[in-house]
Amino acid sequence: MRTYDLSPFWRSSVGFDRVFDLVNDTVNDSDTYPLYNIERTGEDQYQISLALAGFSPEEITITAEQSTLTVEGRKANKGVHDYLYQGISMRPFRRAFNLADYVQVKDATFENGMLKIALVREVPEAMKPRRIAIETAGSDNQQIENQQTEQKRAA
């Protein structure tokens with residue numbers, strides 16, 4: 001596994017500490033259990049699918065707090081088995097996903113050993129871009145619209 005040196009970026013940036021930590025953690029993450037997919041299902045909609053063969057919904061915990069989604073699983077009772085070969089791992093796990101601003105968990109479903117977590121980005125109205133009208137002084141408050149806005153309307 002490679003280790004990346006991000007120190008040159010630290011010298012020329014301010015306030016990006018969290019971003020560099022995320023990149024470093026992602027590159028150096030060697031735990032691949034459980035397997036998962038992250039899919040874009042719409043413009044502001046995503047789905048995380050985790051392959052959790054052998055687990056039941058009661059043995060899985062999903063926690064969403066601020067910008068982190070955590071999925072944990074622990075088998076309640078392993079029981080006594082005489083396996084000749086055990087290829088299905090049922091070990092305890094903890095998988096954390098970093099969420100972007102305004103991404104919320106919509107719902108979670110569990111079917112046929114697949115846990116599917118639906119996410120949606122809901123930006124508050126106050127944070128969405130808005131057009132500001134420009135008034136000219138002394139000409140009966142005539143508004144001048146941005147040329148780009150007019151071109152978008154025509155398109």
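**Sheet, core and aromatic pairs**

Phenylalanine 55 is buried, at 5% relative accessibility. The model described here is predicted.

Lysine 75 lies over the face of phenylalanine 55, at 5.6 Å from the ring centre. Phenylalanine 55 also has an aromatic partner, phenylalanine 93. The two ring centres are 5.4 Å apart. The planes stand at 90°, and the pair is edge-to-face. This pair links distant parts of the chain. Phenylalanine 55 sits in the loop between strand 2 (45-51) and strand 3 (60-65). Phenylalanine 93 belongs to strand 5, and 38 residues separate the two. Phenylalanine 93 is buried, with a relative accessible area of 7%.

Is tyrosine 36 buried or partly exposed? Tyrosine 36 is partly exposed, with a relative accessible area of 35%. Phenylalanine 97, at 7%, counts as buried.

Strand 5 leads on to the sheet. An open sheet of 3 strands has the order 3-4-5, and its pairing is antiparallel. Which strands stand at the edges? Strand 3 and strand 5 do. Each has a single partner strand, so one side of each is left without a neighbour in the sheet. Neighbouring strands of this sheet are turned by 15° against each other on average, direction ignored.

Strand 4 and strand 5 run antiparallel and are joined by 6 bridges. Threonine 70 is found in strand 4 (residues 68-73). Its bridge partner in strand 5 is alanine 96. Threonine 70 counts as buried because its relative accessibility is 3%, under the 20% cut-off. Leaving aside neighbours within four places in sequence, threonine 70 is in contact with Thr61, Ile62, Thr63, Arg94, Arg95 and Ala96.

Now the nonpolar core. In soluble globular proteins, nonpolar side chains tend to be buried together. The largest nonpolar core here has 16 residues. Which of them touch the most other members? Val71, Ile117 and Leu119 do. Strand 2, strand 4, strand 5 and strand 7 each supply at least two residues of this core.

Strand 7 has a partner of its own. Strand 6 (residues 103-111) and strand 7 (residues 114-121) pair in the antiparallel sense over 8 bridges. Phenylalanine 110 has leucine 115 as its bridge partner in strand 7. Strand 6 and strand 7 form a hairpin, with 2 residues between them. In the turn, asparagine 112 has a positive phi of about 55°.

Definitions and conventions: Residues numbered from 1 in each chain as written. Predicted model: local features only at pLDDT ≥ 70, side-chain atom pairs only at ≥ 80, totals over all residues. Heavy atoms only, no water. Pairing = 2+ DSSP bridges. Helix = DSSP H or I, 4+ residues; strand = E, 2+ residues; numbered from the N terminus. Buried < 20%, exposed > 50% of the residue type's maximum accessible area, 1.4 Å probe, protein only. Phe/Tyr/Trp six-rings, centres within 6.5 Å; stacked < 30°, edge-to-face > 60°. Lys NZ or Arg CZ within 6 Å of the ring centre and 35° of its normal. Contact = heavy atoms within 4.5 Å. Core = buried A, V, L, I, M, F, W, Y, C linked by side-chain atoms within 4.5 Å. Axes fitted to C-alpha atoms, helices over the stretch in contact; angles between N-to-C directions.
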